[in-house]
Amino acid sequence: MLEDSKIIALFFARAEEAIAALAEKYGAACGGIARNILKNSLDAEECVNDAYLAAWNTIPPQNPNPLKTYLFRIVRNLSIAKYHANTAGKRNSNYDVALEELEDCLAASGTVEQALDAKELSRQINRFLAGLDEESQMLFVRRYWYADGIPDLAARFQISGNNVSVRLSRLREKLRRHLRKEGYSL
Amino acid sequence: MTQTARIISDAITDIAPEYIEKAADYTGTRGAVRVRRRKWLIAAALVAALLLAGFTFAPVIVRMLNGRTVEWDEDHLFSSGPAADLAEVRDGRVYFTRDNTDITAYCSENTYFRYDFQDEQGISHVILVGGEIDAVGWTEILYFQDGRRLSHAHLATEGEDPAWYVAGVAAADEDYGYVPPDIAGRDSYEFQVTPEIVEN
């Protein structure tokens with residue numbers, strides 16, 4: 001597989017092999033992210049292809065480093081947008097379940113809207129993550145950014161599903177305490 | 001979607017890229033730092049015979065999930081029969097051949113699929129499948145009740161063991177309480193395993 005810098009060079013040269021190289025290297029992971037959110041293989045494939053197109057349209061002028069994160073973020077955003085377009089009122093994906101967990105955690109008093117905007121909340125989550133050990137950081141990110149299901153997390157982290165659930169619950173409680181300590185009225 | 005959910009979703013989307021990058025291939029720390037285990041590798045589709053003079057343990061004949069038969073007693077270890085692939089790649093997906101499960105999401109350079117099974121003799125079998133789509137490999141490890149361990153690996157590598165394999169084997173060893181001879185201090189197990197391999 002090509003190094004990221006060589007794939008980027010193909011994009012800059014407007015060589016269509018860039019898409020094939022991107023798909024070969026990151027296609028499986030992109031598909032996993034999209035399927036976690038969409039729970040539909042065809043929609044997931046469409047989002048991944050749209051992400052390749054978006055990469056094609058934005059590189060150049062963008063020169064993302066790391067390429068992987070840039071691409072994954074596009075896939076995630078497109079998948080979330082498609083999910084909302086497809087499923088008004090129907091909620092059943094890993095993404096929904098993960099989001100509801102955080103919603104329950106953060107919106108306990110129903111005042112998140114008044115207390116935080118997305119940028120501030122993101123800043124606080126990043127500060128919260130910085131204070132965690134690496135494994136907890138990764139567990140949080142895999143659950144809430146990649147929308148991994150509990151069985152997938154158990155396999156990835158080599159712990160039981162019950163252990164995953166307990167650790168996530170503790171992390172959400174820590175996050176709630178972190179926000180409260182920072183002066184947010186939750 | 002509520003306003004709260006939208007705020008949270010947007011905030012999570014903007015988690016710092018370094019965490020996203022690191023999490024992409026993260027596989028936990030349980031097998032991260034381990035002593036390298038001595039393992040007994042039997043090449044696929046070959047007959048392997050190994051003289052083990054001086055050992056004392058009950059003879060056993062065991063059928064591995066990959067189809068090979070292993071006869072093991074205090075004088076020799078004999079493994080025969082072709083090994084069936086425990087993983088297949090079809091249409092860009094990875095399948096565990098025992099039950100045709102799609103395990104693509106579990107397999108990467110650093111992550112693996114794991115299947116545990118105990119046979120009627122009480123021998124525990126652990127199957128690990130990992131690697132990127134163009135380098136999928138698998139291994140079957142047998143943990144015997146007397147502490148012995150036997151493995152058969154089919155790895156798509158010519159150099160060092162893949163990261164998924166190292167992590168997976170270490171985790172399985174820990175789960176089954178396997179203590180390698182050099183740590184256990186069992187002098188009788190201290191020998192170089194050099195199977196005599198004869199082509200069928």
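Predicted model: local features only at pLDDT ≥ 70, side-chain atom pairs only at ≥ 80, totals over all residues.
**View 1. An open sheet of four strands in chain B.** Here the strands of chain B line up in the order 8-9-10-11, with antiparallel pairing. At the edges sit strand 8 (112–118) and strand 11 (149–154) of chain B, each pairing on one side only. Going from one strand to the next, the twist averages 15°. As a reminder, strands of a sheet pair through backbone hydrogen bonds, in either a parallel or an antiparallel way.

**View 2. Strands 9 and 10 of chain B, side by side.** Strand 9 (residues 124–130) and strand 10 (residues 137–143) of chain B run antiparallel and are joined by seven bridges. To find your place, look for Ile127(B), which stands opposite Glu140(B) in strand 10 of chain B.

**View 3. A helix lying across the strands.** Helix 3 (residues 163–175) of chain B lies across strand 8, strand 9 and strand 10 of chain B. Its direction makes an angle of about 160° with strand 9 of chain B.

**View 4. The hairpin of strands 5 and 6 in chain B.** Four bridges pair strand 5 (residues 87–90) with strand 6 (residues 93–96) of chain B in the antiparallel sense. Val89(B) has Val94(B) in strand 6 of chain B as its bridge partner. Two residues lie between the strands, and Asp91(B) in the turn has a positive phi of about 50°.

**View 5. The hairpin of strands 6 and 7 in chain B.** Strand 6 of chain B also pairs with strand 7 (residues 101–102) of chain B, antiparallel and over two bridges. Tyr95(B) stands opposite Asp102(B) in strand 7 of chain B. This hairpin has four residues between its strands, and Asn100(B) takes a positive phi near 60°.

Definitions and conventions:
Residues numbered from 1 in each chain as written. Chains lettered and ligands numbered in written order. Pairing = 2+ DSSP bridges. Axes fitted to C-alpha atoms, helices over the stretch in contact; angles between N-to-C directions. Contact = placed C-beta atoms within 7 Å.
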